[in-house]
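User: I'm new to reading protein structures and would like to go through this one step by step. Could you help me with a few questions?

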Amino acid sequence: MVLDVTREQDVLVLTLNRPEALNAFTVELHEQLAAALKAAAKPDVRAVVVTGAGRGFCVGQDLDEVQEQPTGAGERLRRFYNPNVLALRALEKPVFAAINGPTAGAGIGLALACDVRVAARRASFVPAFVAIGLVPDSAASFFTVELLGYAHAFEWMTSNRKLDAEEALALGLVAEVVDDEALLERTLERAARLASAPGEAVGMTKRLMAHATHARLEQQLELERQLQDAATRHPAYAEQVAAFLAKRSR
Amino acid sequence: MAAAPFVLVERELPIATVTLNRPRELNALSEPLVVALMTALSELDGDREVRAIVLGGDEHVFAAGADVKQMAATDPIDFAFSGYVERWDELRAIATPLIAAVSGFCLGGGCELAMACDLVIASETAQFGQPETGVGIIPGAGGTQRLVRAIGKAKAMDVILTGRRLDAWEAERAGLVARVVAREAWLREAQAVARTVAAQAPIAQRLAKQAVDRAADVGLAAGLQLERQALYLAFASADAREGLTAFVERREPTWSWT
């Protein structure tokens, strides 16, 4: 398998497993990722961690594969990259990237499609696209603008500057930098905490925030109202309120 | 044991909710289902206490289209003279405001059924499409006519000739859907809209619905003429007196249906 799928209680861990190629994407990896994302959508999975085996996180498209079909990029994106980015974003649960090493090209798209990024000290980020005459894909042009704002996003994508983990933290690209050997444990700890959060509030928050990127204020308030209404009907809310009141009266 | 009814009717006056009930067949619109639906709707339409009707499927599917299995086994001459498609015209005679609550798949005949309602409230999960040409037929219950009126030729041709589905947001931007709501709230929100509709003056609602419906059929001058006559008719009702007076007196009106 070029994608290892393991379970840590409620958390599904997806490990890109082509360490000899720094986990570059191939059709096989896309197909296994698509299947894993389908499994991740099941309700008993409460959080997802994406990481890479070996030295790298993911360095984007495997160039050896491209050699066989140099002009097939559009078709590859349509059939493999784009559906997986959408499937990952559609997961109504938190997705964490445990970024263990070099991240480039579509690997950046993968990392940014996640909801929370934790980086090892040895992680690095290089856009790579423009440097070889290509445009950012796998939503890298979307998420960088969203995360960094236009000015930083354009400067970074076109200058092709390599960011180390600390620089990525300073820019807001990652949430936390940890020692290399502590990366997976720390990310799993974060994932487990959100996995055990009451009800569906985390997933609903993700939906609200995705909606906010294209909504007007009035529409956003309306969706907040509807989801809050649904959240208050979830038994977890009644339990939490009862527990809070019991604690206060003690 | 009696078979499960094809449609379920729930009255919570002043509204009623009609639910398509063939979930295992993705609410395929078989002839018996269409007959049951039209019967239920015209019965509710005759009940003055029902001021608005919500028509829905379930969370996963509004209706996924005609009953393809049934159609595949039907002789063309029998099909043409069965009156199946003509039964759908009975929807046009329903005077009570009709609100489609769409969650999940709304394809082919399902999309046509939603478009035949007065307005569509869609869950975020709704998907609209007319995939008929992919199986060698064409939309036959108003799809080619109502879709072009709802969203214009460019998008209607895209949907009908390619089979591409519109998600809820695109359908809303295109004008097929009045509001998109959270998937948890698709039925509740449609019922809330129905209650708002039901709170307005019933005679005026019916005249307004007729006037809007005719807009697609007649030229502007005739439409304006028709609108004016409907206004004079509404104005002559006791409910118009009541509504206008209540507004001036800053109180809630009480409708008498006269």
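User: How many bridges join strand S6 of chain A to S9(A)?
Analyst: This is a predicted model, so keep that in mind as we go. Strand S6 covers residues 116-120 of chain A, and it runs parallel to S9(A). As one example of who faces whom, Val118(A) sits opposite Glu176(A) in S9(A). The number of bridges joining S6 and S9 of chain A is three.

User: What is the order of the strands in the open sheet of chain A?
Analyst: The sheet has six strands, and their pairing is mixed. Going from one strand to the next, the twist averages 20°. Written out for chain A, the order is S1-S2-S3-S4-S6-S9.

User: Which strands of chain A stand at the edges of that sheet?
Analyst: Look for strands that have a single partner strand. One side of each such strand is left without a neighbour in the sheet, because there is just that one partner. That picks out S1 (3-8) and S9 (176-178) of chain A.

User: At about what angle to S3(A) does helix H8 of chain A run?
Analyst: Helix H8 takes in residues 183-195 of chain A. It lies across S1, S2, S3, S4, S6 and S9 of chain A. Relative to S3(A), helix H8(A) runs at about 165°.

User: What is the radius of gyration of chain A, and why does chain A count as being as compact as a globular protein of its length?
Analyst: Chain A comes to eleven helices and nine strands. For 250 residues the globule rule gives 18 Å, and chain A's value is close to that, so the chain is as compact as a globular protein of that length. The radius of gyration of chain A is 19 Å.

User: How many residues does chain A bring to the contact with chain B, and of which classes?
Analyst: Chain B gives five residues to the contact, and chain A gives five residues too. By class, the chain A side has three nonpolar, one polar and one charged.

User: Is Leu37(B) buried or exposed?
Analyst: Leu37(B) belongs to helix H1 (residues 31-45) of chain B. The cut-off for buried is 20 or more C-beta neighbours within 10 Å. Leu37(B) has 23 of them, so it counts as buried.

Definitions and conventions: Residues are numbered from 1 along each chain as its sequence is written. Chains are lettered from A and ligands numbered from 1 in the order in which they are written. This is a predicted model: local features need pLDDT of at least 70, side-chain atom pairs count only at pLDDT 80 or more; totals for chains, interfaces and linings use all residues. Helices (H or I, at least four residues) and strands (E, at least two) are DSSP runs, numbered from the N terminus. A residue is buried if 20 or more other C-beta atoms lie within 10 Å of its own, exposed if 12 or fewer, and partly exposed in between; C-beta atoms are placed from the backbone. The radius of gyration is taken over C-alpha atoms; the globule rule is 2.2 Å times the number of residues to the power 0.38. Two residues are in contact if their C-beta atoms, placed from the backbone, lie within 7 Å. Ala, Val, Leu, Ile, Met, Phe, Trp, Tyr, Cys and Pro count as nonpolar, Asp, Glu, Lys and Arg as charged, and the others, Gly among them, as polar. Two strands pair if DSSP finds at least two bridges between them. Axes are lines fitted to C-alpha atoms, for helices over the stretch in contact, and angles run from 0 to 180 degrees between N-to-C directions.
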